[in-house]
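This report describes selected local features of one protein model, taken element by element. Please read it alongside the sequence and the coordinates shown below.

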Amino acid sequence: MAELDLEGLNGLKRSHYCGTIRLEDAQKDVVLMGWVDKCRNLGGLVFIDLRDRSGIVQCAINQETAPEAFQKAGSLRNEFVIAIEGTVAPRAVPSTNVTLATKDVEIITKKLHILNPCKPLPMNISDEQLPDEGLRMQYRYLDLRKPRMVRNLTMRHRVTKAVRDYFDANGFLEIETPNLVASTPEGARDYLVPSRVNPGKFYALPQSPQLYKQMLMVSGLDRYFQIARCFRDEDLRADRQPEFTQIDMEMSFVERDDVLAMIEGLVGHIFRETKNMEVPAHFQRMTYADALEKYGSDKPDLRTDMVIQNLTEAFGQTGFAVIDDGVSKGQAVKGFVVKGQGGATRKEQDLFKTFGVAAKLPGLFFIANTSNGIKSSLLKFLGEEKAAAICAKAGAQVGDLLVLAVGPSKELSVALGKVRLDIANHLNLLDPNEYKLLWVVDFPMFSWSDEENRLVAEHHPFTSPLPSDMDRLESEPLTVRAAAYDLVLNGMELASGSVRIHQRNLQERILKCIGLSIEEAEAKFGFLLEAFGYGAPPHAGIALGLDRLTALLVGESSIREVIAFPKNTNGVDLMTGAPVVVTDEQMKLVHLQYDL
């Protein structure tokens with residue numbers, strides 16, 4: 001049984017964090033507090049690896065010089081909470097762990113205080129291997145002790161601080177907006193909150209601060225930002241949570257390029273402050289149409305080339321029924337070049353074909369440009385001269401592999417975009433330490449929803465159309481482009497924004513396009529429409545995903561790894577059990593009853 005210091009700290013003050021001790025601190029008396037990461041008993045000498053959020057330091061307890069502390073150390077186990085009083089000394093044999101910041105020092109312990117014991121652990125804190133995610137979520141307070149999670153949450157803090165510093169330096173005001181709002185159609189389902197004092201009425205949790213940020217611009221506050229909590233009742237996956245955080249901003253008297261320049265400056269500042277690295281001052285731009293055509297995605301990953309090309313004309317008539325029949329039906333032949341893979345084996349090509357099957361392609365074809373000539377199953381139809389011309393057209397040089405498929409043009413690009421990424425991942429072409437930033441612009445204003453049998457806003461209904469497309473709003477709405485823009489980082493949508501509508505008549509036209517009558521528009525957005533009549537300035541803005549940005553900066557594939565207390569894929573908090581059944585009395589207070 002551990003001998004506890006029942007009086008607690010009893011005036012004892014921590015002098016240093018464990019991970020901050022260095023050789024220059026030698027001979028200093030220190031008081032450290034933290035958790036036992038490891039404990040090794042070598043007979044007359046006990047070594048404790050003491051850990052806090054800053055790192056680990058070794059503490060040595062000698063039976064002869066500190067007999068009382070040595071006796072207490074005999075009862076220690078991993079994750080006991082202890083305090084150490086001792087003196088910093090050079091480590092006789094520095095740790096072989098070169099990543100350990102305290103590898104050259106140790107603490108010669110004089111006193112040991114056991115502040116709290118620890119039960120047998122459901123998971124190993126010091127093990128870098130991750131246990132089952134459900135177990136991690138259930139014991140999240142233990143999982144957060146892992147150095148990996150401390151690193152992730154520290155990065156999130158540093159990103160947030162950099163955002164606040166940058167916007168403050170550029171004249172923005174941080175303004176909070178409500179979390180209990182009116183339900184409005186913004187694309188996802190709302191979380192509803194019943195009102196006790198207004199029977200039968202509900203608040204919604206905000207999907208974004210969109211309408212409030214526009215109201216702030218009407219208010220003349222000119223430059224707003226907020227680290228905003230948002231809530232969406234949607235199906236979950238690695239980069240989605242029911243509640244998430246976005247870096248929200250809005251500016252008055254600006255156009256698209258003003259917002260893009262401001263965000264380029266922000267992202268550059270974040271990278272300098274958190275990773276000590278530079279990114280380009282201005283990011284590449286690409287239209288939505290080009291992104292879909294060349295990469296099969298509106299969020300292309302540019303860390304590898306492999307641009308999808310339309311090669312239909314280069315093929316012409318081949319005598320190969322699959323291609324000829326497809327082209328005769330108006331389909332396209334498209335492909336991309338994989339550099340240096342001209343020597344890919346049959347087994348490797350078969351693997352690539354499985355990527356095509358996963359993307360729902362009927363088949364993939366290959367032309368390998370090798371030092372021994374063209375190699376392809378299509379040679380008997382194309383001939384070597386035509387195959388070489390197709391390689392030249394596609395830019396497939398000696399040593400390269402041309403990956404091809406046939407199908408309806410738009411769907412084919414999307415499918416090849418997936419194959420492109422699968423091949424790039426398989427060949428380790430996507431460097432996690434490389435950051436490719438891209439603006440995708442000129443999105444469609446609307447898309448058609450088969451489920452709702454109506455037009456829906458591609459971004460949201462407060463986005464302004466491009467002025468050049470305005471005259472087609474009613475006659476050809478699906479051809480209208482929006483003054484919208486997304487920021488993409490390594491194949492992930494990092495931010496989404498637009499120039500906003502600031503005139504009532506245009507807002508009413510857009511709402512009518514998505515099926516809202518004037519009466520319905522008044523009922524749902526009357527306050528917004530009225531506000532536009534009181535001198536609303538031109539304005540534009542954007543919101544960046546704080547969770548996604550932090551995950552990318554620390555190399556995590558899931559945003560759950562950068563959120564302190566996330567939900568699982570069923571929207572459940574396994575630690576607290578939320579959501580939970582509430583009492584009948586609680587239901588009555590908000591005028592509800594169950595109907596399951």
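Predicted model: local features only at pLDDT ≥ 70, side-chain atom pairs only at ≥ 80, totals over all residues.

## Helix 7 and its surroundings

Directly after helix 7 comes G296, a residue whose phi is positive, near 70°.

Within helix 7, which spans residues 288-295, the buried positions are Y288, A291, L292 and Y295. These residues lie on the same side of helix 7, because the arc that they cover around the axis is only 105°. The elements that cover the buried residues of helix 7 include strand 11 (284-287), helix 13 (409-426) and strand 17 (437-441).

A barrel is closed by five strands in the order 1-2-3-5-4, and the pairing among them is mixed. From one strand to the next, the twist averages 55°.

Strand 2 (residues 45-52) and strand 3 (residues 55-62) run antiparallel and are joined by eight bridges. One of the residues involved is L45, whose bridge partner in strand 3 is N62.

In helix 14, formed by residues 504-513, the buried residues are L506, Q507, E508, I510, L511 and C513. Which elements cover the buried residues of helix 14? Among them are strand 18 (446-449) and strand 19 (454-457), together with helix 15 (518-532).

Helix 14 is followed by G515, for which phi is positive, near 95°.

Notes: Residues numbered from 1 in each chain as written. Heavy atoms only, no water. Buried < 20%, exposed > 50% of the residue type's maximum accessible area, 1.4 Å probe, protein only. Helix = DSSP H or I, 4+ residues; strand = E, 2+ residues; numbered from the N terminus. Arc of directions from axis to C-beta. Contact = heavy atoms within 4.5 Å. Pairing = 2+ DSSP bridges. Axes fitted to C-alpha atoms, helices over the stretch in contact; angles between N-to-C directions.
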